[in-house]
Amino acid sequence: MTQNNIQELNITMLGPSGVGKTSLLAAMYQQVQAIGNLTQLKPSKVTQVRLHDRLMELQQMANQIESTGTTVRTTVAPQSFIFELQRPNNPPFLRLKFQDYPGGYLADAEYKGQVIQFLKNANTVIIAIDAIALMESRGKWNERINKPGQIVELFQEVYKDLNERRLVILAPVKCETYLRPGTDPGKLLASVVDGYDELINFFQTPELQDKVAVVVTPVQTVGCVVLTEIQVVDGEPQQYRFHKTFPGAACAPQDGDQPLMYLLRFLLKLYIDKQARGGFAWLVNLFAQNDQLGREVNAFANNCKKDTPFAVLQGDNLLEAKL
Ligand SMILES: Nc1nc2c(ncn2[C@@H]2O[C@H](COP(=O)(O)OP(=O)(O)OP(=O)(O)O)[C@@H](O)[C@H]2O)c(=O)[nH]1
Ligand SMILES: [Mg+2]
């Protein structure tokens, strides 16, 4: 609980520098207005300003005919983005805190402890995955750029005595090239499952399989570009180059709403169940509220994409409200 009696739930981003964490947050922010029938998700003023700026940077990238794919400013310090959930004409009842930080922290002994703390506190983790590193040259750059091995180690440390539910969202970004019409979206999903098999296997262990829901939701945060080349310097990928799908194509982010829909399903259900366990569920107004929120959870479920390359890898029951 925080002041004003609003429950707070935490979401953290996870992924090395440059994979696309902040861009993904900006793409999700762009979709917030259209989320929910019975509830509204409102960004705080500071969140609005910060994410609006990142969104403008993404659009700038899309506006160039040929772009190098490095327009969004690298994050230099931890930043949180606050959204509040409320029913129309009611005060907010749930605060969602999205934690972003420089991906470089993962590789830095001095700062890694902070990432571990963010992971410990987070009810939901969004792993941003650079799909180009995952897909090109049969995943040759994946370990170097996305560092799935390091991510598994972090989870093994943080989830070893887990006694609460968690949602883990695997979110490939920079995936426009692999989801163009005429391409097989199954390849992207198969590469995620293959590239993160150790992590997925860990979540499937008996201690975790009932507590951790795992979903895959690709997001095209720019949307109108196709990869033309990876510039490699001294054996290291330095830069991606893109061109537009057609001259004049406008920035068209796609599926930024999907991670939000999945996480709202999970977090609202968690909120309802926490209240029920608190022993107050018999209160008539709380019962009515929870009933309404349960319907909202299931409405989000109807809006969640389930077909390839989207997938619920485990924990369907943690994403559904029983009415
Ligand atoms: N084409 C394409 N480019 C993207 C996408 N998402 C991110 N990018 C590009 O990738 C670059 C890095 O993205 P960021 O969001 O800054 O990455 P980050 O993970 O926040 O990096 P740090 O802040 O350094 O940890 C940006 O300059 C974007 O232009 C995407 O979906 N498609
Ligand atoms: Mg960033």
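What you have open is a predicted model. Along the principal axes, the C-alpha atoms fill a box of roughly 65 × 45 × 40 Å.

You will find 10 helices and 11 strands. The radius of gyration is 19 Å, close to the 20 Å that the globule rule gives for 323 residues, so the chain is as compact as a globular protein of that length. Among contacts between residues at least 6 apart in sequence, 77% join residues at least 24 apart.

Eight strands form an open sheet with mixed pairing, in the order 2-4-5-1-6-7-8-11. Look at its edges, strand 2 (40-43) and strand 11 (311-314): each has a single partner strand, so one side of each is left without a neighbour in the sheet. On average, neighbouring strands here are turned by 25° against each other, direction ignored.

Zoom in on strand 2 and its partner, strand 4 (residues 79-86): the two run antiparallel, joined by four bridges. Pick Lys 42 and you can follow its bridge to Glu 84 in strand 4.

Then select helix 9 (residues 257-277). This helix lies across strands 1, 5, 6, 7 and 8, and runs at about 175° to strand 7 (166-173).

Last stop: ligand 1. Of the 26 residues around ligand 1, those that come nearest are Thr 22, Ser 23, Thr 75, Gly 103 and Thr 221. Colour the shell by class to see nine nonpolar, 14 polar and three charged residues. Helix 1 (residues 21-31) gives the largest share of this shell, three residues.

Definitions and conventions: Residues numbered from 1 in each chain as written. Chains lettered and ligands numbered in written order. Predicted model: local features only at pLDDT ≥ 70, side-chain atom pairs only at ≥ 80, totals over all residues. Near = placed C-beta within 6 Å. Nonpolar A, V, L, I, M, F, W, Y, C, P; charged D, E, K, R; others polar. Pairing = 2+ DSSP bridges. Axes fitted to C-alpha atoms, helices over the stretch in contact; angles between N-to-C directions. Contact = placed C-beta atoms within 7 Å. Rg over C-alpha atoms; globule rule 2.2 N^0.38 Å.
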